[in-house]
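Please look over the sequence and the model first, and then follow the sections below.

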Amino acid sequence: MGKVDRPVIVVKAVLNETASLPCDVIPPTSSDSVILVVWYRNELKPIYSLDSRDGFFRTATHWREKTGLGERLNFKTDSSPTLLTINNVQEADEGYYRCRVDFMKSPTRNFKVHLTLIVPPQKPVILDKTGHSIDIIAGPYIEGSDAKFTCKVLGGKPKPTIKWRASTMNLETNEISIMDSNMKLMEVIVHNLNRTHLNQSLACEATNNNIEAPVSTVIYLDIYLKPFNVTILESNQPLSVDRQYKIICLAMGSRPHATITWWLNNTPLIDFSEEKFENITNSTLTFAPSMNDHNKTLVCRSENPKIPGEFMEASSIIDVMFPPVLVLSFGPQVNPDDIEEGDDVYFECKVLANPAAYKLEWMHNGVLIQQNTKNGVIISGSTLVLQKIKRQVAGNYSCAASSVEGDGKSNYVQLRVMYKPVCKPNQKYVYGVAKEENVQVICEVDGFPSPTSFVWLFNHTNKPIPEARYSSADNRKAISILTFSPQSESDYGILMCSAINAVGQQKEPCIFHIIPAGLPEPPYNCTVNNQTSDSIEIHCMEGFDNGQSQYFVAEVIDQDTDMLVTNMTSSKLIFKIGRLSPGKSLRMNVYAVNTRGRSEAVVFETFTLESAQKHTGDPSSLTTTPVIAALLGLAAISFILGAVALCVLRGRRVRRSHQRYTDTHSSLTDKTKCLSDLDGGGGVAGGGGGYEIEKTPDVVQCNNKGVDFRATRNDDKCSLNSVAPSIRPSVEIDQSTTNPSSIEDILVTSHGISEHLIPSLNSGDAEYQNASISLVSNDGCKILQNNKNYSSPFLDRTRYSSSPAAECTVTSIAPYHREVITVRTPLPHNDQESCV
């Protein structure tokens, strides 16, 4: 079978893309068919084949080499012409390929294809003037400067061409020749960068074919801009010293935002805050001017922090009003370290104020100094003169001045007057000590300068005590401590202590009494404060301690049980005692204790309040509470006895009453006697036909509810009717003293009086001289009256019964019906009461 060769076909492919190699497999005649297609590379070996000898072409068997190029090969039979594709084509794939087509009838056909590979250039890299690559943002550059960039392109087959593109910039380009055939460079310069160049794009493009779009890199220009305006917003009014002011400065146009600093002359200010928005920086200075700021220049300096050395300023001159400022010092001729009593001293006060001060004053230890020429105090302008000074004028001196802006005060100048030592007040001058017992006697003096030595004398010997026996305390030169131990009675007496300093020896020694140790004296003037239901507070005065350290003890004793409730120890005579029971009567024992023992106890009574009470008043009022209670009790008793006496006076008239009872079961009417003018002596069985009443009758309440009879007047006769009760008892008591016992249990029935019980009084209580008991109806009919004189100290238990005195008609008597009236009177003696 013959062989037909065709011209070489050139195919171009881009690196890493897909190359398509054509091969015409259409038979020359319609009666022919393809039986085999084989692809060769560089005529060396087959790389792909399609075998259709056993079937149809579209279902033929495909074969490719196992490794290398064969893995990237595909034969597309559904295209026209058919194509052998090479995926991910590489530079090594470049070369000649041959397609051999065998037909069933026609001669074999060969196609030669030359694969030419295009290697596109790499993405351009833009370099700054220092040779560093730029990713996206170029810069930042300073406003007004030039920017230089270089576009570097590597690779490319064939060699690429490079172009710079910019929309609004005038570019100066220049291709740079280099020896490296694999790299190409193109330079560009942008002159005089300004605000219009900010964020503008600049692109470098490279291309070497028309198959793909050019590769490019785009950068954007970042530019630092200077502020173009700085302004201080302030008023031209003067500023007052030490008052806070808010001063605002605006800086506009800077990128990034300007940094504002404040300056007072050449001194930076730090108390300010900034706010930034858009391209404006707002700085607020909190400024409290001082007197030294007067006529200084206040500067607001705006600076782009990215453009060092270039800034814009705004400034103003400030006028500061301030109160007087004073500086006090000794006069030039005064040596402050060598001033003794009797010297003359003067001070000078320098005043600086805007506006000028109108008043100047002098102070000694904060007290105003008045001119007193007679006593050597002279004030002249800004000078103070003290003549023939004494140690009492030592202390801190100052001057003060006033102006319309306020007041000013100077520094303190200490005047130290040297003087001989003197005894310090409030020392312990009495020491109690036993024989052969050591005691430390402390001598404390006041002098300037501090003492250099001490001298101790004992009055019995008048000889100095050796220095080995005393010393200073804790390096305090103004204190000397003598250890003294009496060995006999003659060693008790007086110790004298004198100090010596640079001025001289102490004139009058400090005198200490050494006495035999003894018990302390008891406390006195004890008072009770802040009584509550569970606590009390005790205050006492200290007694003489007999020259010994002492402490104090308070004991709390329950008066009901005579048991110790609690005790407390204190270094001071103030006791706050808590956790007590409410409503308790207490006895307090307070005494002092020293090393020799305890004093006699101060004993007094107190109490805790009931739970619902609290008292925090004057202690003197609390201590008299029982007396007040007794007076209130007497007043209550007097009121009650007066009321009873009034009832007796109203009941002395004899009333006759008729009582009638109505019985629903009987219409029987009977006549009986009224109870009237009964005089004691008779018992239940003894007088006038009365009915005997049992000795323990039922008792009803004092309001007489439920009683169903009433005495009424009808022609000097009393009828007992079945109505609501109106009988009221009347009791009269003549009393010589207060605190009576009770009068109780007057028992009344429908037929008369059963008995009147008067309990005995305790021995020693008040006596009753006369008692009159009667029952009186609402209409004045007295149905019972008894008058009897009783002897003291006891009242007799007396029984009464009814006695005929007036005619009464009783209607519808209910048999065995009994009513009881009980009379009670209050008894302040034992907090009880009796009901009548």
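Is the link of C23 and C99 left-handed or right-handed about the S-S bond? The link is left-handed, with -65 degrees about the S-S bond. The model described here is predicted, and each value in this report is to be read with that in mind.

## The link of C23 and C99

The structure holds 7 disulfides, and one of them joins C23 to C99, with an S to S distance of 1.8 Å. Because C23 lies in strand β2, which covers residues 19-23, and C99 lies in strand β8, which covers residues 95-103, the pair ties together parts that are 76 residues apart in sequence. Both C23 and C99 are buried.

## The link of C423 and C510

Another disulfide joins C423 to C510, and here the S to S distance is 1.9 Å. The torsion about the S-S bond of this pair is about -125 degrees, and the disulfide is therefore left-handed. Since C423 belongs to strand β37 (residues 419-423) and C510 to strand β44 (residues 510-516), parts that are 87 residues apart in sequence are tied together by the pair.

## The link of C526 and C540

A disulfide also joins C526 to C540, with 2.0 Å from S to S. In this case the torsion about the S-S bond is about 115 degrees, so the disulfide is right-handed. C526 lies in strand β45 (residues 524-529) and C540 in strand β46 (residues 536-541), and the pair therefore ties together parts that are 14 residues apart in sequence. At 10% relative accessibility, C540 counts as buried.

A polar atom of the side chain of S79 lies 2.9 Å from the backbone oxygen of P81. The C-alpha atoms of S79 and P22 are separated by 9.5 Å, although these residues are 57 residues apart along the chain.

Terms used. Residues are numbered from 1 along each chain as its sequence is written. This is a predicted model: local features need pLDDT of at least 70, side-chain atom pairs count only at pLDDT 80 or more; totals for chains, interfaces and linings use all residues. Side-chain values use heavy atoms; hydrogens and water are left out. A polar contact is a pair of N or O atoms within 3.5 Å; within protein, one must be able to donate a hydrogen and the other to accept it, and residues adjacent in sequence count only if both atoms are side-chain atoms. A disulfide is a pair of cysteine sulfur atoms within 2.5 Å. Helices (H or I, at least four residues) and strands (E, at least two) are DSSP runs, numbered from the N terminus. Buried means under 20% relative accessible area, exposed over 50%, partly exposed in between (1.4 Å probe, protein chains only).
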